[in-house]
Amino acid sequence: MPSLQIRRCYLPGSASHAAQKDQVHYPGNALHIAAPKRRLISFLPQVLYSQMCRVANIYLLAVSIVQIFTGLSAVGRFSTIVPLVGTICFSVLRETLEEHDRHAADRKVNQRPTRVLRGGAFVSICCCDLKVGDVVRVEQHEQFPADLAI
């Protein structure tokens, strides 16, 4: 169980807020649900690994290896490798489309407007531009743009 830490929040404009802002660097509020898979270098190995964790694909790969290298095939050496490659290609295409949809959803959430106290008045900014210590105005039936302390 993680230990609890006390976190103090100060109103913007106070001396304590300025001192706290200089000491600590907080990450931004931008949402990245699928960030690890977005890297092209790691995307393909992750998809191939997830496909090889399935029993049916492991079976097809084992049968294909036996047929190709030993010639113990009644129908042809490459008859089982074609369905395996087709299944994996279809899965990679499906994962790519899902990843694109996740990226579009992230972009939509990050661009949603929210009202923040700046210079004594509430101004509308994107959710991804929220910073720690911002005073946010949330109306009834609105979604919270970030983790907020009330």
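## Close-up views of a predicted model

View 1. The side chains of arginine 102 and glutamate 98 form a salt bridge, with an N to O distance of 3.6 Å. This structure is a predicted model. Both residues belong to helix 4. They sit four residues apart, about one turn of the helix. Arginine 102 is partly exposed, at 28% relative accessibility. Glutamate 98 is partly exposed too, with a relative accessible area of 29%.

**View 2. A network of salt bridges.** Arg94, Glu95, Glu98, Glu99 and Arg102 are linked through salt bridges. One of the pairs is arginine 94 with glutamate 95, whose side chains meet at 3.9 Å, N to O. Are these two partners buried or exposed, or something in between? Arginine 94 has 30% relative accessibility, so it counts as partly exposed. Glutamate 95 has 11%, so it counts as buried. The cut-off for buried is under 20% relative accessible area. In total, the structure holds eight salt bridges.

**View 3. A salt bridge between distant parts of the chain.** Aspartate 134 and arginine 118 form a salt bridge. Their closest N and O atoms are 2.9 Å apart. The pair links distant parts of the chain, 16 residues apart. Aspartate 134 lies in the loop between strand 2 (121–126) and strand 3. Arginine 118 lies in strand 1 (residues 113–118). Aspartate 134 counts as partly exposed, at 21% relative accessibility. Arginine 118 is also partly exposed, with a relative accessible area of 35%.

View 4. Look for arginine 115: its bridge partner in strand 2 is serine 124.

**View 5. The largest nonpolar core.** Five residues make up this core: Phe43, Val47, Leu84, Ile88 and Val92. Two elements give two or more residues each, namely helix 2 (40–52) and helix 4 (81–110). Which helix gives the most to this core? Helix 4 does, with three residues. Now follow one core member, leucine 84. Leaving aside neighbours within four places in sequence, leucine 84 is in contact with Met52, Asn57, Leu60 and Leu61.

View 6. Leu61, Ile65 and Phe69 make a nonpolar surface patch of about 310 Å². Leu61 is also one of the contacts of leucine 84. Phenylalanine 69 is located in helix 3 (residues 55–70). Is phenylalanine 69 buried or exposed? Its relative accessible area is 67%, so phenylalanine 69 is exposed. The cut-off for exposed is over 50%.

View 7. Histidine 141 has a positive phi of about 70°, although it is not a glycine. Where does histidine 141 lie? Histidine 141 is in the segment after strand 3 (136–137). With a relative accessible area of 78%, histidine 141 is exposed.

Notes. Residues are numbered from 1 along each chain as its sequence is written. This is a predicted model: local features need pLDDT of at least 70, side-chain atom pairs count only at pLDDT 80 or more; totals for chains, interfaces and linings use all residues. Side-chain values use heavy atoms; hydrogens and water are left out. Patches are made of residues with over 30% relative accessible area and no salt bridge: like charges are joined within 9 Å, nonpolar side chains (Val, Leu, Ile, Met, Phe, Trp, Tyr) within 5 Å. Accessible areas come from the Shrake-Rupley method with a 1.4 Å probe; for residues, only the protein chains shown count as cover. A salt bridge is a side-chain nitrogen of Lys or Arg within 4 Å of a carboxyl oxygen of Asp or Glu. Buried means under 20% relative accessible area, exposed over 50%, partly exposed in between (1.4 Å probe, protein chains only). A nonpolar core is a set of buried Ala, Val, Leu, Ile, Met, Phe, Trp, Tyr and Cys residues joined through side-chain atoms within 4.5 Å. Contact means heavy atoms within 4.5 Å. Two strands pair if DSSP finds at least two bridges between them.
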